[in-house]
Amino acid sequence: MAMHWDVFLDQVQERGEYETRAEADRAARTVLGLLGAHLVGEARADLAARLPETFALILLNPLQAAESLSAERFVRATAAWIEGATEQTAAWDIGAVLSVTADAAGEELTRRILLQLPPGYDLLFGRPQDTTTFDTTSGD
């Protein structure tokens, strides 16, 4: 079931510590538009189904990315799209929007989304992945 628009924006506004709902809306539109350019197939459609309709349409109708952006380049691209933003403020905006997006998506869908994205996006979503691997063949 899709998260209601007011709830989504209230959470983005709270996490981003924005003074106005308009600031939260601007961040959500920018971040989700850029994210949508990097997701394909069922994961993108499933995520859209859990977002408010306005944001679902932004996610589903982005400009297509020519190449997949690393997490660092995603931050830079977000900064370029938000007037007056720096990489630091863009990272803050991304964290506010994507953490709420991950909550709306749930753990299983968030994992599927992260599998489509380059390493580092787990931190942008506020869901650091355990990258520790254990060698079970060494007998230690």
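Reader: What does Arg-112 count as, judged by its relative accessibility?

Author: Arg-112 has a relative accessibility of 24% and counts as partly exposed. The scale is this: buried means under 20% relative accessible area, exposed means over 50%, and partly exposed lies in between, with a 1.4 Å probe and protein chains only. Glu-108, at 45%, is also partly exposed. This is a predicted model, in which local features need pLDDT of at least 70 and side-chain atom pairs count only at pLDDT 80 or more, while totals for chains, interfaces and linings use all residues. Residues are numbered from 1 along each chain as its sequence is written, and side-chain values use heavy atoms, with hydrogens and water left out.

Reader: Which residue forms a salt bridge with Arg-112?

Author: Side chains of opposite charge can pair when their charged atoms come close. The term salt bridge requires a side-chain nitrogen of Lys or Arg within 4 Å of a carboxyl oxygen of Asp or Glu. Arg-112 pairs in this way with Glu-108, and the closest N and O atoms are 2.9 Å apart. The two are four residues apart in helix H7 (residues 107-116), so about one helical turn separates them. Helices here are DSSP runs (H or I, at least four residues), as are strands (E, at least two), numbered from the N terminus.

Reader: How many salt bridges does a search of the whole structure find?

Author: The search finds 10 salt bridges. One of them links Asp-25 and Arg-29, with 2.7 Å between the closest N and O atoms. In helix H2 (residues 21-36) these residues are four apart, so about one helical turn lies between them. Asp-25 is buried at 16%, whereas Arg-29 is partly exposed at 36%.

Reader: Which residue meets Arg-26 in a salt bridge?

Author: The partner of Arg-26 is Asp-93, at 4.0 Å from N to O. Because Arg-26 lies in helix H2 and Asp-93 in helix H6 (residues 87-105), the pair ties together parts that are 67 residues apart in sequence. Arg-26 is partly exposed, at 32%, and Asp-93 is buried, at 5%.

Reader: At what angle do the axes of H5 and H6 cross?

Author: Two packed helices are described by the angle between their axes and the distance between the axes. The axes of H5 (residues 71-81) and H6 come within 8 Å and cross at roughly 100°. H5 and H6 are therefore roughly perpendicular. Axes are lines fitted to C-alpha atoms, for helices over the stretch in contact, and angles run from 0 to 180 degrees between N-to-C directions. Under 35 degrees counts as roughly parallel, over 145 as roughly antiparallel, 65 to 115 as roughly perpendicular, and the rest as oblique. In the contact (heavy atoms within 4.5 Å), H5 contributes residues including Phe-74 and Val-75, and H6 residues including Ala-90 and Ile-94.

Reader: Which residues have the most contacts inside the largest nonpolar core?

Author: In soluble globular proteins, nonpolar side chains tend to be buried together. A nonpolar core is a set of buried Ala, Val, Leu, Ile, Met, Phe, Trp, Tyr and Cys residues joined through side-chain atoms within 4.5 Å. In the largest core, of 43 residues, they are Phe-8, Leu-35, Leu-47, Leu-51, Tyr-121 and Phe-125. H6 supplies the largest share of this core, nine residues. Beyond its neighbours within four places in sequence, Phe-8 touches residues including Leu-32, Phe-55 and Val-97.
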